[in-house]
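Please look over the sequence and the structure shown below before reading on. The briefing that follows goes through the strands, the helices and the contact between the chains, topic by topic.

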Amino acid sequence: MATEVRNDSELRSDREHPMGLSVDEVEAIGREFQELHDEVFADLGERDARYIHAIIALQRNLALAGRGMLLFSIFPPAWLAGTATLSVAKILENMEIGHNVMHGQWDWMNHPDIHSSSWDWDTASTSEAWKHSHNYIHHTFTNIRGKDKDLGYEIMRIDPEQPWHPAYLLQPLYNLLLMAFFEWGVALHDMDIEAVRAREKPWKQVWKDLKGISGKARRQFIKDYVAWPLLSGISAPTTLAANFTANIVRNVWAHSIIFCGHFPDQCHTFSEEECEDETLGETYIRQLIGAANIDGSPLFHVLSGNLGWQVEHHLFPDMPSTRYGEIGPRVREICERYGLPYNTGPLWQQLAMVHRTILRLALPGGKPRSKPSPYVREEDGGRRVAPSRR
Amino acid sequence: MAERGARPQVPRITRGIVRATQGLTTPFELDDYLEQFNPLWSTRELRGRIESVDRETATAVTVTIKPGHDWPGHRAGQFVRLGFDIDGVRHWRAYSLTSDPDRADGNISITVKTVEDGVVSPFLAKEAEPGTIVTLSNVEGEFVLPDPPPAKLLFISAGSGVTPIMSMLRHLERDHRLNDVVHLHSAKDEGDVIFGNQLRRLEDAYAGFRLHEQHSSEMGRMRPEDLDDLCANWRDRVTYLSGPADLIDALEEHWEEHGDPELLNIERFQIKLGEAATGEGGLIRFMRSGCETDVDGETPILVAGEKEGLELAYGCREGICHTCVGELSSGKVRDLRTGEVYGSEGEMVRTCISAPEGEIEISL
């Protein structure tokens, strides 16, 4: 995609690149990633379309099955099976379908429903507000301190370079609450409270967003906590509990996957000065080293909306999610050739790092953790983590 | 927004049920669940199922479609826009309906000539099969017979231009009104005449229907000056003319000079992009995508954006459906069909048929 990024090498020759690369190398990296993007987009077709249609059908059928079983939720086995099925349906809808469709990953199909302009998802945020805060703010200013409002979601200190404030003492608690009620947290976050406080956001927009959220919240609340319980007759209380549980399960899962995307120790953050007048290559490098993958099975990747391929997603946010796993080895190969890190790790390890950071940075101080050295293929001795400090 | 099919005619009770269950299905609709079982049940857009694909000539097929809900009806001669999912992408095309509007089984048909380097027509000829689902949009077109039809009729067609006329002939036959109809049709040779057998059958069956086949490979093309020989009283007949642009242009001129243009009805198949005066082109700034590109005066804004790799919304690509509109922030555009230059700040322009006239900014 031809975007308006600077390409004149002279402009940047005086500045040091984050990974000790030369100006020419940075430019070449930009070109290689762009070519990879274009190659995949030229190849999109029937196979991809069949996948998203099949996942949507699976999600709808799981939702129907889960809701159906919960009509009899007074029987514990029905409650258990129904809650589990509904939880999976909600996870699939939010992560592999909603998030990705609203990124425009499937817009190339020219389908009226599976399209970023028309999709609405099964969660508290309105699609319009989320597309602004996520697709635009977060994916454009990824990991730039002070500009990427997903860096700690404005309520947590997630990077030692963020100044400490006594309010952060309670962040382990906020974190737990956010985990349980993630969808509501995201909806509020989309409002951009900071901009509202700073009077940067016009009141008209604030009012519109509030109306949008309250409408969406009302409908979501009525569906899960009034309509379906009423339909369940004598199973009403247990269905209500089941729907509440399914929402919590989905929230905890989404929170875990999403926090592992940018908050593990391996991820770099950037100052605004570092990112001024970025070239295409520099943007790709920032996206590459600002994100971290999660190792997992194909089933894990589907259930996490392929956000276990966070690195690939941040390089190419509008690429259909199923392609991330396919290009993973090629991204890794580029990293190896240019001496760049390729951040990844098992879920337990990434989660442990995230929560350790949240606990540690509640207190003042803290230092940036060591970042991994350039990627080396397993057969060459595996990835080494050198204690190189930024 | 991507183009959507027509809103189907469904019983009010069905709409009521969809609305009543919204509390249970939000943010989706009952449709989203039911269409997994049968895509034809959608109450949001009218879809159809291909019943058969029949070969008319070596290069044309007739596709018969069963609409998912009651067909809203059409007048003989009108066209419909259809969406086909090909290699994962929905493509919209307009085709004349060739079926009799009052067909007993409620099915409709289109007849499509294969364009080898095309997308949709080769798909219909080679890949479409019974069971393939298509999306149906609104019926449009002014090229229709009045009710009751004129007493004396002349049809002139060439190539696939015969398609709207076939619908009219079927309609006239059903109404027993093939009393004084002359049909002049031009095609490369006998085998290339779409509906050849059906037209010849009509000629055999009805004294009031006369068919002239102009096989251009041996007889040359139909020329305006041949008209007096082919149909001496052409000036008195209400005429329906459908075919390629050069034939239409020549005959239109002939009617203006020697006949009564009021009696001539025309169906143009290709929009005349690029035939109108073209301008200088200019720089297009796609504001939302942050991309800019310089183009000549013949390249539509949509095509220019796609060449730059932008994912822009589009539907018909011929100025009908307004799916591709973008808000003009500054500058002027030229309508490639008419050559007209227009545009003011905030105006919505159809990017598929507009080229920049000088530098423009568009919110896409």
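Strand S1 (residues 47-57) of chain B and strand S6 (residues 133-140) of chain B run antiparallel and are joined by three bridges, where helices (H or I, at least four residues) and strands (E, at least two) are DSSP runs numbered from the N terminus, and two strands count as paired if DSSP finds at least two bridges between them. This is a predicted model, in which local features need pLDDT of at least 70 and side-chain atom pairs count only at pLDDT 80 or more, while totals for chains, interfaces and linings use all residues. Residues are numbered from 1 along each chain as its sequence is written, and chains are lettered from A and ligands numbered from 1 in the order in which they are written.

**The parallel sheet of chain B**

- Chain B also has an open sheet of five strands, with parallel pairing and the order S9-S8-S7-S10-S11.
- Its edge strands are strand S9 (209-215) and strand S11 (264-268) of chain B, each of which pairs on one side only, and the twist averages 10° from one strand to the next.
- Strand S8 (residues 181-187) of chain B pairs with S9(B) in the parallel sense over seven bridges, and B:Val182 has B:Arg210 in S9(B) as its bridge partner.
- H5(B) packs on this sheet, where it touches strand S7 (153-158), S8, strand S10 (238-243) and S11 of chain B, and its direction makes about 140° with that of S10(B).
- Helix H6 (residues 196-205) of chain B packs on the sheet as well, touching S8 and S9 of chain B, with a direction at about 140° to that of S9(B).

**Helix H5 of chain B**

- Helix H5 (residues 162-174) of chain B has 13 residues and reaches 18 Å from its first C-alpha to its last, close to the 18 Å expected at 1.5 Å a residue, the expected span being 1.5 Å times one less than the number of residues.
- H5(B) is mostly covered, with eleven of its 13 residues buried; a residue is buried if 20 or more other C-beta atoms lie within 10 Å of its own, exposed if 12 or fewer, and partly exposed in between, with C-beta atoms placed from the backbone.
- Among the buried residues of H5(B) are B:Ile165, B:Met168, B:Arg170 and B:His171.
- Just after H5(B), B:His176 takes a positive phi of about 55°.

**Helices of chain A**

- H9(A) and helix H10 (residues 236-262) of chain A pack at an angle of about 145°, with their axes 8 Å apart.
- The residues that make this contact include A:Tyr225 and A:Trp228 of H9(A), and A:Leu240 and A:Asn243 of H10(A).
- A:Ile248, which lies in helix H10 of chain A, is partly exposed, with 16 other C-beta atoms within 10 Å.

**The contact between the chains**

- The contact takes 31 residues from chain A and 23 residues from chain B.
- Helix H3 (46-70) and helix H9 (203-231) of chain A each supply at least two residues of the side of chain A that touches chain B, and H3(A) gives the most, with seven residues.

Technical notes
Contact = placed C-beta atoms within 7 Å. Axes fitted to C-alpha atoms, helices over the stretch in contact; angles between N-to-C directions.
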